[in-house]
Amino acid sequence: MEKYEYFSGTPEVGIVPRAPHAGPLLRHVFEQEHGRGGFAGKVSHTYHLYPPTNWLPGEGRHLPQWAPGWESPLRPIGGLHHVLGVAPAGPAGDVYRGMGRLVANATAAMNVTVPRAPMDYFFEHHGATMVFFVHEGRGALETTFGPIEYRKGDFLIVPKGVTHRFELGPGPHYYWMYESFAGDPEKSEAPTTGQFITHSRSDYRFPRSLDTRNESGRFEIVSKVDATYTRRVHPTHPFDVIGWRGEYLPYKFAVEDVRPLVADRSHVPPSGHTIFTLPGCYLCVFTVRSVEKEGMWVPFFHKNLDYLETLGYHFGDFFSGGGVVGAGMVSLHPVGLPHGPKPRSLQAFMDGANAGVHQEVGIMADFANPTQVSELALGLSRPDYMSAWAGYTTDPRFTYAPGRLAEVRALGERLADARDTLRPPEDETRV
Ligand SMILES: [Fe+2]
């Protein structure tokens with residue numbers, strides 16, 4: 001033992017050579033590079049007992065119709081809002097064969113899966129890095145880099161190309177899965193609020209223990225590129241890794257560790273709750289947080305002129321939902337179409353109500369235009385969602401009144417320049 005121990009400049013676990021591609025250990029184990037950006041981007045190296053190319057000749061083949069819901073045809077969404085009911089378990093049953101595409105643009109997609117059956121194969125997504133959100137369920141994500149235990153409320157990031165399988169724990173499972181085709185999710189940070197809002201890199205949990213398998217048998221790996229699924233079969237277990245080093249890794253991130261930006265006197269816009277940005281998409285978490293004391297605590301009416309908004313409802317009373325959405329459902333608000341608080345929520349705000357705490361967790365992913373919706377999603381769409389704003393056409397508080405203009409002009413005289421109360425004391429010399 002040396003007198004001093006040092007951290008390596010790069011994360012590593014197990015038996016690795018002193019540096020990639022170098023040293024005498026490489027005459028005895030098999031190095032594999034997982035590299036992005038050609039050979040110039042993020043990278044990790046795994047060290048295997050057997051060559052990763054030891055597939056059985058004649059066993060490789062394409063698998064037509066392997067995950068039909070994942071390839072559900074896409075349609076333009078047009079100018080109507082949708083809310084998708086809770087997805088049923090797919091007939092095929094496991095995480096990937098039961099995957100259902102909901103929406104997609106050129107660089108990102110949202111999917112849902114309700115697995116009931118174990119995976120009797122390993123999976124590699126060769127076309128996207130995946131971000132799972134575990135709405136319901138627990139288990140272990142087993143990967144080349146080691147296992148990651150997960151539970152309800154965890155995000156799981158599975159980088160493009162990493163061999164893995166889900167070991168499902170007992171109970172129901174319900175996951176949303178976001179695909180990033182053109183790059184990995186990047187942690188969102190605003191230059192003015194720094195690296196610890198809305199979460200810290202130290203909240204990420206990477207595999208730390210290897211479960212090295214020296215096993216022979218028939219081990220199937222299914223890969224996906226675009227809509228093509230391919231099987232290959234290896235005679236040794238793919239988790240024959242005795243060490244790894246690098247920064248291109250799977251990890252998990254618990255939604256409980258989102259520490260949101262809140263403001264007493266103004267409404268933080270949805271983008272203030274962003275946790276990841278990916279090409280053509282940003283992912284936000286609306287979590288349990290203090291209600292604004294004096295600013296609007298309901299969302300302002302808005303047209304999102306460049307994105308289709310998806311919101312997956314995970315937990316709570318969904319203050320903006322006006323009582324028409326429930327856990328497991330997903331709303332789709334297409335580009336350009338105005339939306340905002342449902343009438344009941346706005347009435348409560350106008351009446352001065354304030355619950356003190358937003359008791360909710362919602363996962364929002366906004367997709368750059370043009371984004372299309374799948375036939376599978378349209379099949380889950382509930383017909384009454386556009387009516388959720390119907391109170392604006394019937395409640396006398398919101399409908400036409402001959403004296404409305406005069407009333408608002410009078411209010412303007414009194415309130416247009418008024419400030420709220422959480423502010424420095426009035427200075428008599430200022431106007
Ligand atoms: Fe919105």
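These are my notebook entries on a predicted model, written for someone meeting the structure for the first time.

**Entry 1: a strand and its partners**

I began with strand β24, which covers residues 307-316. I wanted to know how many of its residues are buried. Seven of the 10 are, so the rest of the structure largely encloses this strand.

Next I looked up the strands that pair with β24. One of them is β27, residues 360-368, and the two run antiparallel with nine bridges between them. Strand β25, residues 330-333, is also antiparallel to β24, and four bridges connect the pair.

In β27, the residue opposite Thr310 is Ala365. In β25, the residue opposite Thr310 is Leu332.

I then turned to Lys187, which sits in strand β16, residues 186-187. Is Lys187 buried or exposed? I found a relative accessibility of 11%, and because buried means under 20%, Lys187 counts as buried.

What does the side chain of Lys187 reach? I noted a polar contact of 2.9 Å with the side chain of Glu189. A polar atom of the Lys187 side chain also lies 2.9 Å from the backbone oxygen of Gln195.

I also listed the contacts of Lys187, leaving out neighbours within four places in sequence. They are Gln195, His199, Ser200, Arg201, Tyr204, Ile275 and Phe276.

Asp203 has a relative accessible area of 9% and is buried.

Which side chain joins that of Asp203 in a polar contact of 2.5 Å? I found that it belongs to Arg259. Again leaving aside neighbours within four places in sequence, Asp203 is in contact with Lys252, Phe253, Asp257 and Arg259.

I kept one general point in mind here: most peptide bonds are trans, and most residues other than glycine have a negative phi.

I noted a cis bond from Ile197 to Thr198, where omega is near 10°. Another cis bond joins Asn369 to Pro370, with omega at about 0°. I placed Pro370 in the loop between β27 and β28 (372-374).

For positive phi I wrote down His21, at about 65°, which is not a glycine. His21 is in the loop between β1 (12-14) and β2, and it is exposed, with a relative accessible area of 54%. Asp226 also has a positive phi, near 50°. Asp226 lies in the loop between β17 and β18 and counts as exposed at 63% relative accessibility.

My next search was for open space. The largest pocket has a volume of about 430 Å³. It is lined by 26 residues, and those closest to its centre are Gln32, Glu124, Gly161, Thr163 and Arg232. The elements giving two or more residues to this lining are β2 (30-35) and β18 (228-236). Which element gives the largest share? I found that β2 does, with four residues. By class, the lining of the largest pocket has 13 polar, seven nonpolar and six charged residues.

The second largest pocket comes to about 360 Å³. Of its 17 lining residues, Lys42, Tyr204, Phe206, Glu247 and Tyr251 are the closest to the centre. The lining of the second largest pocket divides into 10 nonpolar, six charged and one polar.

**Entry 2: enclosed space**

Last, I looked for cavities. How many are there of 30 Å³ or more? I counted two.

I noted details of the second largest cavity, whose volume is about 40 Å³. Its lining consists of Leu84, Gly85, Ala87, Leu102, Val112, Tyr174, Trp176, Gly328, Val330 and Leu380. Eight of these residues are nonpolar, two are polar and none is charged. One of the lining residues, Val330, falls within β25 (residues 330-333), the strand joined to β24 by four bridges, which takes me back to my opening entry.

How values were computed. Residues are numbered from 1 along each chain as its sequence is written. This is a predicted model: local features need pLDDT of at least 70, side-chain atom pairs count only at pLDDT 80 or more; totals for chains, interfaces and linings use all residues. Side-chain values use heavy atoms; hydrogens and water are left out. Buried means under 20% relative accessible area, exposed over 50%, partly exposed in between (1.4 Å probe, protein chains only). Two strands pair if DSSP finds at least two bridges between them. On a 1 Å grid over the protein atoms alone, a cavity is a set of points where a 1.4 Å probe fits but cannot get out, and a pocket is an open set with protein on both sides within 12 Å along at least five of seven lines; lining residues have an atom within 4 Å of a point. Grid points are joined across faces, edges and corners, and a volume is the space filled by probe spheres set on the points. Ala, Val, Leu, Ile, Met, Phe, Trp, Tyr, Cys and Pro count as nonpolar, Asp, Glu, Lys and Arg as charged, and the others, Gly among them, as polar. A polar contact is a pair of N or O atoms within 3.5 Å; within protein, one must be able to donate a hydrogen and the other to accept it, and residues adjacent in sequence count only if both atoms are side-chain atoms. Contact means heavy atoms within 4.5 Å.
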